[in-house]
Amino acid sequence: MEELPLHSGLRALGPNGKAEKLPAGKLHISQYMVALVLAVLITGLWRLEVLGADNYRLLAEANRIRKVPVLAPRGRLFDREGRLLVDNYPSISCYILREQVKDANNDLALISQGLHIPVEQIQATLRRYQSAPKYQPIPLKQDITPDEQAFIEAHRNELPELETLDEQRRLYPRNGFAAHLIGYVGEVSEQMLNDSRYAFYSPGDVVGRSGVEQTYDALLRGTDGSRDIIVNSHGKELGHLGQTLAIPGQDLKLTIDLDIQMIAEKVLDGKIGAIVAMDPHTGEILAMASRPTFDPNQFSVRLTKNYWNEILNNPDHPLLNKTIQAQLAPGSTFKIIMSLAGLQENVAQTMHVPCNGGATFYGHFFSCDRHHGMVNIDNAIPYSCDTFYYTLANRLGIDTIARYAASAGLGQKTGIDLPDEVAGTMPSTAWKLKSQHEKWYAGETISVGIGQGAVAATPIQLARALSGIASGGVLRRPHVVFPDEVPSEMLQTIHENLPGTGEATIPLTTENWQIITDAMANVTGSPIGTAYIAHLDGVDFAGKTGTADVVGGRVKNSTNKATIPNAWFVGMAPRRNPDIVVAVLWEHGYWGNNSAKLAAQVVNAFVEKQRKRANNIRIAEAPKPTVLPTPLETTHPSPTPKPPNPAAE
Amino acid sequence: MPRLSSYRDFDWVLLGFVLLLSLISVLEIKSATVHTKFHGFDQKQIGFLAVGLVLMFFISLIDYHRLVDIVPWAYGVSILSLIAVFAVGTKVLGARRWIKFPGGIHFQPSEWIKLVLIVAVARYFWGLAGRQLTWPDIGKAFALVCIPMLMVLKQPDLGTSLTYFPILICGLFLGGIRFKQATIILLVVAILGGGVWKTGKLLKPYQKARLTSFMDPDLDPRGSGYQIRQSLIAVGSGGIWGKGANKGTQTQGDFLPIPYTDFIFAAFCEEHGFVGAVGILLLYFLILMRLIQNAQTASDLPGSLIIMGIVSVITFQIAVNVGMVVGLMPVTGIPLPLMSYGGSSILFTFLALGIVMNIRMRRFVN
């Protein structure tokens with residue numbers, strides 16, 4: 001300051017003593033400068049407000065208008081008579097919108113406290129969606145309580161990133177009823193998102209993850225709508241513009257008969273195993289139950305860790321649909337296939353095998369559980385005589401057996417409209433060469449003759465094979481949804497995605513058809529039959545038991561559950577052109593006739609229902625089973641005409 | 001002292017333009033705050049305007065030559081008050097800018113120093129009138145302005161400190177700097193500026209981030225680029241005619257940051273469009289031209305220099321604020337004179353206008 005010259009006194013004059021004025025030129029330059037500055041600013045305004053207006057208008061709209069999805073309720077599921085199986089209920093979910101905040105991580109403690117989710121879990125969820133675009137809402141918690149909803153409403157300003165959404169949630173039958181058949185829904189997995197077939201899914205979508213829910217997801221899911229709401233920068237709703245209504249998913253009628261299903265579920269309770277009942281005329285599945293089961297309701301909201309661990313650690317695999325996913329040695333039920341092969345090859349008709357509790361082949365003794373005396377094809381089935389079938393297998397050779405087994409659908413998927421069916425195994429020389437790079441030894445064929453060794457089949461395969469044979473050779477594609485409920489292109493896609501033998505024909509002469517079915521009728525109908533205990537008075541109930549050794553072999557009177565044989569039974573009513581075929585697998589059920597008793601209850605329920613339907617008119621009486629032992633010369637009765645079936649649609 | 005002035009010589013036309021702009025400002029503040037917790041700011045702004053008007057009439061009564069006489073003392077007090085801010089100032093949002101007085105009055109010295117500097121610079125170049133500027137003359141002018149400027153920059157208050165700069169430029173230009181000297185100074189400033197940017201000294205990280213995001217707002221649309229981005233959207237979406245009063249979606253939806261102060265022009269652009277914005281700039285043009293005319297008719301050199309100093313500050317603030325709103329300038333936190341809400345800004349503007357009236361009323365003295 002001090003160096004500044006101080007002035008006082010003469011104000012009109014400059015320090016040099018003369019009056020000063022600013023030169024006019026410099027003031028003009030100043031005016032031009034001001035004009036230039038304003039002109040530049042106007043240019044900037046022009047660029048934004050005139051040239052860029054359309055673009056910025058869109059950005060402004062995107063700012064304030066948020067598209068909120070209106071979720072389509074999934075289609076409901078009904079049984080074949082229109083009784084409700086699976087419904088929806090309204091529920092509210094909470095999402096995180098990362099766009100709303102700079103860093104949601106700062107709010108995790110508060111969110112965790114208000115929504116009762118551990119901080120680590122929220123962090124894990126956020127990590128999972130790290131690569132997803134920022135505008136995409138991240139599902140945080142489903143089915144929130146009114147308290148949690150109030151928390152979100154009360155913290156709109158502090159936690160603008162929290163958003164709620166009304167949803168429809170699945171309501172499944174309790175206690176895991178038909179859980180494997182129905183399946184469950186869940187969030188779409190990354191694996192599915194990477195699959196071109198599921199291109200129309202976006203992360204966070206709820207999709208069918210198993211059973212009918214998965215196969216028919218495209219039909220059940222409907223089309224989500226959306227609502228345009230006006231929000232401020234805190235995400236608070238100020239109003240709304242328009243909306244696109246959601247198109248609800250299509251309701252589906254399953255082929256399941258609730259009455260039969262209930263019996264199947266009931267008889268399996270407390271056991272490990274599976275029951276499948278099918279209408280052989282059409283391939284419609286009438287009942288499908290698997291044990292142990294799980295609660296799909298637990299899957300419809302986010303699964304709790306405890307429940308998931310409980311399922312994972314259960315050695316009996318509750319998530320497995322054993323009707324289509326348990327591939328086990330079929331045991332003596334395989335003798336139906338053996339009989340088919342033996343008769344069609346004209347070998348079995350003339351075979352008379354003395355059974356002395358077993359026989360020796362290739363230096364090994366193969367045992368039979370009893371001394372059956374002289375056995376032929378007619379009593380070999382009711383006796384379930386192993387010696388007879390060892391001999392037959394030895395005469396036919398593995399490749400002939402494999403050919404007939406393949407014609408009946410063994411070793412291949414059936415093509416049922418449920419996901420993740422397994423194919424089972426039907427060994428042959430080619431199979432062994434391919435899978436083990438080894439030659440087939442003739443000695444291995446002997447065990448195959450009684451459904452042991454490398455043979456593995458699923459309950460659905462056995463039910464279908466029997467359906468084909470009992471129907472004179474016609475194999476249907478099993479299905480749980482009526483095909484006419486499904487658009488034809490979609491049906492075709494489903495068939496392509498779930499390949500299997502589908503519709504096929506088993507080579508079977510009328511005469512052989514009668515021999516096999518009559519013999520099976522004696523399994524339950526004749527006192528010598530292995531499942532006479534399961535016979536049903538007044539019902540033409542036929543079948544075949546199977547007692548299959550588990551891996552590790554049979555240990556007599558063992559208390560170790562794992563070594564107890566699996567009990568199989570496949571049966572039908574009536575014996576020819578049956579209206580129902582049932583396959584029962586009871587793991588560690590000990591004897592095949594234990595399973596036969598379960599099957600009998602299912603068949604009985606079916607027949608009772610049919611009779612009630614037909615105004616108490618008894619269904620056509622099947623021919624009386626021939627009393628054994630039958631002389632070989634006996635002519636077989638001609639096939640009975642198909643009885644009227646009032647239940648068939 | 002004889003009364004040499006009369007209110008017949010008061011610049012009523014200038015005052016008319018100013019009041020029209022103030023009215024528009026009040027309406028826009030109302031629109032921008034009506035649905036927020038800041039509603040009522042328009043009423044407060046009217047209060048500030050009233051106080052400003054009273055101060056303006058009051059200061060027009062005091063002969064501006066007396067202001068020129070006492071300015072060395074005022075300058076000394078200013079420097080002391082800046083030191084006081086460092087010693088006992090209140091820290092708000094990380095910046096020490098205010099001195100708290102008993103009774104809840106917050107005094108921000110940096111705003112008033114603008115006026116002191118305008119008069120001081122006018123006085124300095126008046127003293128040098130009639131001869132070529134030497135390098136020491138230029139050096140002293142720099143020292144005069146840059147000492148308070150650096151002190152304010154350290155508070156830190158980049159925006160206000162920058163507004164001191166045009167006072168210096170204007171003084172040098174009107175004081176007769178030669179073209180060669182100006183070129184050399186520009187070169188030195190460019191090199192020094194580059195050095196400051198490189199080393200990162202003097203600039204706070206947030207100031208640097210503002211500059212970076214100005215160059216590319218999309219780099220961090222939720223961070224420091226957010227304000228620029230939302231401002232551009234507000235202005236751009238206004239289109240030619242605007243969305244209408246109280247109907248700006250960016251303004252009403254709270255997307256536009258502080259729409260009643262620094263970004264009030266963006267709010268106005270959104271609601272009144274290109275046409276309205278050009279109207280405002282036209283009003284500014286008329287005000288500034290009127291001011292320059294008063295500088296021309298002033299009776300002596302210090303009067304002219306003071307008015308031109310005021311013109312330079314107002315022009316600079318318009319350029320930086322509107323430039324920021326339309327994306328031509330980085331975010332610096334400089335209010336728009338007569339439009340932005342805020343007591344300090346309004347009072348400065350009206351005090352400055354009071355001095356202009358003062359000078360005009362005494363133009364026929366000689």
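Let me start with helix H3 (residues 108-115) and helix H4 (residues 119-128) of chain A, whose axes come within 9 Å and cross at roughly 115°. H3(A) and H4(A) are therefore roughly perpendicular to each other. The crossing in which H3(A) passes H4(A) is right-handed. On the side of H3(A), the residues that meet the partner helix are Leu108(A), Ala109(A), Ile111(A) and Ser112(A). Their counterparts in H4(A) are Val119(A), Ile122(A) and Gln123(A). Please bear in mind throughout that this is a predicted model.

That brings me to chain A as a whole. Its secondary structure comes to 23 helices and 21 strands. Of its 649 residues, 45% count as buried. Among the contacts in chain A with a separation of 6 or more, 74% are accounted for by residues 24 or more positions apart.

I turn next to a sheet in chain A. In what order do its five strands run? The order is E12-E11-E21-E20-E19 in chain A, and the five strands form an open sheet with antiparallel pairing. At the edges are strand E12 (284-291) and strand E19 (542-548) of chain A, each of which pairs on one side only. From one strand to the next, the twist averages 5°.

The loop between E20 and E21 of chain A holds Pro574(A). A cis peptide bond joins Ala573(A) to this proline, Pro574(A), with omega at about -15°.

Which helix is that? Helix H10 (residues 258-268) of chain A lies across strand E11 (273-279) and E12 of chain A, and its direction makes an angle of about 25° with E12(A).

Ala178(A) has a phi near 55°, a positive value in a residue other than glycine. Its place is the loop between strand E5 (162-171) and helix H6 (179-182) of chain A. Is Ala178(A) buried or exposed? Ala178(A) has 29 C-beta neighbours inside 10 Å, and therefore counts as buried.

Let me now move to chain B. Its secondary structure comes to 13 helices and three strands. Chain B has 366 residues, and buried residues make up 52% of them. Residues 24 or more positions apart account for 70% of its contacts with a separation of 6 or more.

Chain B, too, has a residue with positive phi that is not a glycine: Ile258(B), at about 20°. Ile258(B) is located in the loop between helix H10 (249-252) and H11 of chain B. With 16 C-beta neighbours inside 10 Å, Ile258(B) counts as partly exposed.

Towards the end of my notes on chain B comes Arg363(B), in the segment after helix H13 (343-361) of chain B. Arg363(B) has 16 other C-beta atoms within 10 Å, so this residue is partly exposed. Which residues does Arg363(B) touch, if those up to four places away in sequence are not counted? They are Thr297(B), Ala298(B) and Ser299(B). Arg363(B) and Ala295(B) are 68 residues apart along the chain, and their C-alpha atoms are separated by 9.7 Å.

I close with confidence. For chain B the mean pLDDT is 86, and 89% of the residues reach 70 or more. Where in chain B is confidence lowest, and where is it highest? Confidence is lowest in strand E3 (residues 105-107) of chain B, with a mean of 67, and highest in helix H11 (residues 264-297) of chain B, at 95. For the complex, the predictor gives an ipTM of 0.92 and a pTM of 0.66.

Terms used:
Residues are numbered from 1 along each chain as its sequence is written. Chains are lettered from A and ligands numbered from 1 in the order in which they are written. This is a predicted model: local features need pLDDT of at least 70, side-chain atom pairs count only at pLDDT 80 or more; totals for chains, interfaces and linings use all residues. Helices (H or I, at least four residues) and strands (E, at least two) are DSSP runs, numbered from the N terminus. A residue is buried if 20 or more other C-beta atoms lie within 10 Å of its own, exposed if 12 or fewer, and partly exposed in between; C-beta atoms are placed from the backbone. Two residues are in contact if their C-beta atoms, placed from the backbone, lie within 7 Å. Two strands pair if DSSP finds at least two bridges between them. Axes are lines fitted to C-alpha atoms, for helices over the stretch in contact, and angles run from 0 to 180 degrees between N-to-C directions. pLDDT is the predictor's confidence in each residue, from 0 to 100. Angles under 35 degrees count as roughly parallel, over 145 as roughly antiparallel, 65 to 115 as roughly perpendicular and the rest as oblique. A crossing is left-handed if the near helix is turned anticlockwise from the far one by less than a right angle, and right-handed if clockwise.
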